Amino acid sequence: MTDFAPTVGVSSTHPKNMPADHAALPVWNAENWFYEDWPAGQKIRSLRRTISESDSHLFNTLVTDIHPYVQDQMFAESEGIFGKRLVAGAFVFSAGLGLVATNCVNAFSYGYDKLRFIKPVFLNDTIYTIRTNLDKRPRYKELGLIRASYEVFKNEGELVLYCEHLQTVKYQNPADFIGKTEK
């Protein structure tokens, strides 16, 4: 197994709009990685999450997804090709990425590529996610570009979703990248 940097940063934000002793505490799940700290090849796995009917229904209500495959039990059982209700792909994407999301204060989402819904997810399936840091390259004067894959699995390891997340991440030492950036 390869040794990688810890997954939690060693410094934190220090907001001025709360008591000083509170602001001095490290923030849970608020990494402070810089571009230089992201190793290609590093993998992390999330905890698992079972998607309940109420989770699915709340998401569908929020985004106004009333497709019969996700909202109509009678349709899904009698006319649908799967014989039961699906979980909306947008929810699988959101929940799957949320399971491995970090709150890195130096990273900003740039977009997603290669999003594929490989297999259906049904109510009461349990999902988990594996994130793999694929590569990185200097991009802008202050920010590099990181590419990571997200593989969402259901139940005992069946791949249901794949995508690649692009993030811009602040350099710790921008001077080290002068003349190496694309823009």
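**A walk through the predicted fold**

In helix α2, which spans residues 53-63, the buried residues are Ser56, Phe59 and Asn60, where buried stands for a relative accessible area under 20%, exposed for over 50% and partly exposed for values in between, with a 1.4 Å probe and protein chains only. Because these residues cover an arc of only 100 degrees around the axis, they sit on the same side of α2, the arc being taken from the directions that lead from the helix axis to the C-beta atoms. An α-helix has 3.6 residues a turn, so residues three or four places apart point the same way. Leu58 and Leu62, on the other side of α2, are exposed. The cover over the buried residues of α2 includes α3 (68-71) and α5, with contact defined as heavy atoms within 4.5 Å.

The model described here is predicted, so that local features need pLDDT of at least 70 and side-chain atom pairs count only at pLDDT 80 or more, while totals for chains, interfaces and linings use all residues. Residues are numbered from 1 along each chain as its sequence is written, and side-chain values use heavy atoms, with hydrogens and water left out.

The protein holds 5 helices and 6 strands, helices being DSSP runs of H or I with at least four residues and strands runs of E with at least two, numbered from the N terminus. Read from the N terminus, the order of elements is α-β-β-α-α-α-α-β-β-β-β. The C-alpha trace spans about 65 × 40 × 35 Å along its principal axes, and 38% of the 183 residues count as buried. Of the contacts between residues at least 6 apart in sequence, 70% join residues at least 24 apart.

Most residues other than glycine have a negative phi, and most peptide bonds are trans.

Leaving aside neighbours within four places in sequence, isoleucine 118 is in contact with Leu159, Val160, Leu161 and Tyr162. The C-alpha atoms of isoleucine 118 and valine 152, which are 34 residues apart along the chain, are separated by 9.7 Å.

Tryptophan 33 and tryptophan 38 make an edge-to-face pair, at 5.0 Å centre to centre with 75 degrees between the planes, and both tryptophan 33 and tryptophan 38 are buried. Tyrosine 171 and phenylalanine 177 form a stacked pair, at 4.0 Å centre to centre with 15 degrees between the planes, and tyrosine 171 and phenylalanine 177 are both buried. Tyr69, Phe75, Phe82 and Phe122 belong to one aromatic cluster.

On a 1 Å grid over the protein atoms alone, a cavity is a set of points where a 1.4 Å probe fits but cannot get out, whereas a pocket is an open set with protein on both sides within 12 Å along at least five of seven lines, and lining residues have an atom within 4 Å of a point. Grid points are joined across faces, edges and corners, and a volume is the space filled by probe spheres set on the points. There are 2 cavities of 30 Å³ or more, and the second largest cavity holds about 40 Å³ of space. Its lining includes Trp38, Asn133, Asp135 and Arg147, and β4 (126-138) and β5 (143-154) each supply at least two of the lining residues. The second largest pocket, with a volume of about 180 Å³, is lined by 13 residues, of which Val87, Gly89, Phe117, Lys119 and Pro120 lie nearest its centre.

Technical notes:
Phe/Tyr/Trp six-rings, centres within 6.5 Å; stacked < 30°, edge-to-face > 60°.
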